[in-house]
Amino acid sequence: MAYSEHIPGCGAERSLGHLTPPSPSVARRRPARLVLAWLAALAALAVFGWAPRAHAQNECVRCHASLSEKRLRGAADAWRASVHGKDGIGCFGCHGGDPADPTVRAHLAENFKPHPTRQEIPVVCGGCHQDARYIRRFNASLPVDQLTLWQISGHGVGIARADSSAAVCTDCHGIHDILGGSEPNSPVNDRMVPQTCGKCHSDAAAMSGTKLPTDQASGWKRSAHAKALAAGVPGAPACNGCHGGHGELAQTAGSIGRVCRPCHKAEAQEVERSPHKTAFARLGFSDCVPCHGAHDVAAASGALLVSVSQGGACARCHTKDEKPQATAKLLQGMLDDAAQTGDEARRAANEAAARGMSVPGLESALAELRTAEHRLGPAVHALDPSLLEPEVTAVKDAAGVVTKAVAQVEGARKTERLGYYAATGLLALLFGLLVWKSVRVARRRPA
Amino acid sequence: MATRAPTAQPRAPGASGSWLGDRTGWTVGAARLATHRIGPWEVERYAAVAAAVLMLLLVASGIALSMHYRPNATEARGSVVEIASAIPFGNLVRGVHQWASDLLVACMWALCLALCMRRLYRRPGELVWLAALLGLLLVTQIAFTGAVLPWTASARDQARMVGGMARSVPLVGEGLAHFVLGGPDVGAATLPRAYGFHIAVLPAIITLVAVAYWRLAARMSEGLAERRAVAGVVPARTIAVYPDFALRAVAVAVAVVLVVMSLATFVPRVPGMTGGEAETPPWYLAFFHQILRKSPPDLLGIPGPQFIGGVMTAILLVVAALPFIDPRGSKVTRWLALVGLAGIAALTVYGLQ
Amino acid sequence: MTQPMNPQPPLPTVLEPVGEPAGGSAPTRRDVMDYAIGVVAATAAVAAAYPAVRFLSPVPTGKGGPVTLRLADVPKGTVTLATAGERSVLVVHNDEGAVRAFSATCPHLGCGLRWDEDERLIRCGCHGGRFGMDGRVVSGPPPRALTELTVDMVGDKVVVT
């Protein structure tokens, strides 16, 4: 099939096949109508003095843009600014009709579909977007699996069950004003995603038909992920980071741990060594959520290991057994110890900087400290004090290097002060001698 | 005053009698200095001695700083931070340079005030007065160009404020601002310009003015003594220039070094933060900035800054012409000077808050 | 020295009127005082020279100073971490014998990097980013390759600037 013949309609003929009979070319099939259309166009030209347009084939946009009713004009305006408008992908692909007909008769085509139903929308969009060969002509790196992924998502399953409240393409991407995901104002841009998902998922009324909670977005906003995203950490996840771009992961991931793992590799490795590995598998728990929570993932710290009343997680399950509690306490002590040592070293460095001292080698020593501290996180996941010990030692060593460097400079500063006092003493002595001498000279020879 | 004394001849009275003097003709004239007597507490002399010592300190520390400073927009700040931190005694040298510069500006104000209060601008001191005023202006300029050199945000802000002050001068304001900033606004051209002025142009001019001042002041002192002798006026108490005043001058010099060193050690200056907060002008320009800031946009049909710049220029011209306006040295002048100074001090304090 | 800007010639060093004898056989109190003043002033001047010399002497290891190490410390086919002052650099001696150097700061979040002999890759301790001997990202979150630094061979020494 030669796509160049009908770019505006793209492959929609096929995907709309169940709606309209396949039509390789509108013009070829209905010569009578075409003649009529041209006659009408000529008449219009004669009456209004309109100049023939270059995009004669998209008469829909030309006409709609001139309408006074905002609902009808808005669609054309929005389309023009959209990624589809910029690539010249016209109305026909989604709405059918006859884009070559400049009169109201364009709407009389059998395939004309003013309002594709919610069931139809994914099929319409997918018609082009899962056609790899077609999509490559416009955006060589755009994936073509959106429809497939959506179909296995909660949204897709809902639509398949004839639950028309489940989200379809247009609910997240917009309708006529669709922008590429890399556009900052696109509703599917990373920074907009939480708002876009939250539009329904934070709305108790919208979610009333489901068993889903509505606190995911607010939970996420408190999470370490949200903070990291706000701080510009590359790869920090908004909703789509864990649930998949088209919501596919929530339904299909073997366990949530499988979702966390690709980013939190080092932690996942250590979890393999932890006693929880087999216990969680036996109890059917997911790997990460029992301790870290789901949407409101907290920045991990030693506090996570203590009792629930103090914001910890261990005691949620280990209510009576003493040994795990003792281990948790021990691990927490070690982490707190490491954190305190690191903080003290940093404070010493900051104080030195505030007093205008520069410590040679401080930056690399602080980078080493930061690295050592980062390694504590993964190491604690084995929940084995003997495995955490060397990492704590590494932090203390790195902190020691920082403190030592600062102390050295402070020592030098003290020596400098001693030099100052010596010089001051000397000059004060000189001053005294000069004053004395001047007084004596004045006395010897009164004016 | 200098007498060439060939080495072969026996020492004649008034000949140098020193190895160097014999060869150069430069003589100390110590005997003459010993007979020339001056008042015991002539403030302008001590201010001048202090200014000279501060200039020496500035030249020495400035040369040292120039060995480590890199005068281009990308490296300037880094090199200043490096001087303040990584280089041994860098903080001390920087501190000495900055404090000495601040004290020098203060010293020049004190010198001008002393000349005014002691009515020394009168005949034969007209040129002394002009040299002192010129010195104050130049010292203010060199201090400002130095404040630009760290090229921090606040240094650039200060440059912008000074550009605004220059712009307010009537007639030549726009051209003056261009000349000071190296363009219509603070930009990459401002830094090399400030550097050139700071280390070459202004030091050369200031040295000339300082030498002129010392010569003129010495001549004025002798002239006044002659006049007193003719009139038969015998001052109540005097001291010899040598050794009495010389000893005091050395003591003042030591005290100045002591003060600068202590300030540099105990009140470190963060690079580029000469005025403390950003948006604060250098303290010696704060009064002018404060007036400009509070000026209404329009005064008597003239834009506010231009009006104020015009008034300030007029005041400066009147002050410079003081010896000719008030050749007798009236009490009114001294009262006006005190009131003016109090106003400037108040505006400075207000402007820095 | 006391009145540097004075057009008058410098004062004589002995602070006594010319023509008066500087002292007889026994030192007077005045002589002792002059002597003391001279000694203190000279000491102060000499003491001032110390910070001046220290300030003007070149800084051995400063920020951005070169990192020097012996080539023998970087066997062929390995990577060595070297530090000087503020800087940590990775010196790579690759299998072809070429010596290259990279900043030892991870371009992801600024953690320190280490050579992992088992994997034969440069590895970030924080998030497991890995780089090849050519500094390029092999796996993990780092957004770009390591920053390459200039290497000079001076005799048997590697100088990284």
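**Note on a predicted model: chains A, B and C**

1. L418(A) has a relative accessibility of 59% and therefore counts as exposed, where exposed means over 50% relative accessible area, buried means under 20%, and partly exposed lies in between (1.4 Å probe, protein chains only). This is a predicted model, in which local features need pLDDT of at least 70 and side-chain atom pairs count only at pLDDT 80 or more, whereas totals for chains, interfaces and linings use all residues. Residues are numbered from 1 along each chain as its sequence is written, chains are lettered from A and ligands numbered from 1 in the order in which they are written, and side-chain values use heavy atoms, with hydrogens and water left out.

2. L418(A) sits in helix α25 of chain A, residues 385-444; helices here are DSSP runs of H or I with at least four residues, strands are runs of E with at least two, and both are numbered from the N terminus. Together with Y421(A), F266(B) and V267(B), L418(A) makes a nonpolar surface patch of about 410 Å². Such a patch joins nonpolar side chains (Val, Leu, Ile, Met, Phe, Trp, Tyr) within 5 Å, taken from residues with over 30% relative accessible area and no salt bridge, a salt bridge being a side-chain nitrogen of Lys or Arg within 4 Å of a carboxyl oxygen of Asp or Glu.

3. Elsewhere in chain A, K113(A) lies in the loop between α7 (92-95) and α8 (120-129), and with a relative accessible area of 23% K113(A) is partly exposed. K113(A) and G96(A) are 17 residues apart in sequence, while their C-alpha atoms are 5.8 Å apart in space.

4. Chain C has one helix and 11 strands. Of its 161 residues, 42% count as buried, and the chain exposes about 8,600 Å², of which carbon and sulfur atoms supply 58%, by the Shrake-Rupley method with a 1.4 Å probe.

5. In chain C, three strands form an open sheet in the order β1-β11-β10, with antiparallel pairing; two strands pair if DSSP finds at least two bridges between them. Strands β1 (67-70) and β10 (151-154) of chain C stand at the edges with a single partner strand each, so one side of each has no neighbour in the sheet. The twist averages 25 degrees from one strand to the next, with axes fitted to C-alpha atoms and angles running from 0 to 180 degrees between N-to-C directions.

6. Strand β10(C) is joined to β11 (residues 157-160) of chain C by four bridges, and the two run antiparallel. Within this pair, V151(C) stands opposite V160(C) of β11(C).

Notes: Patches are made of residues with over 30% relative accessible area and no salt bridge: like charges are joined within 9 Å, nonpolar side chains (Val, Leu, Ile, Met, Phe, Trp, Tyr) within 5 Å.
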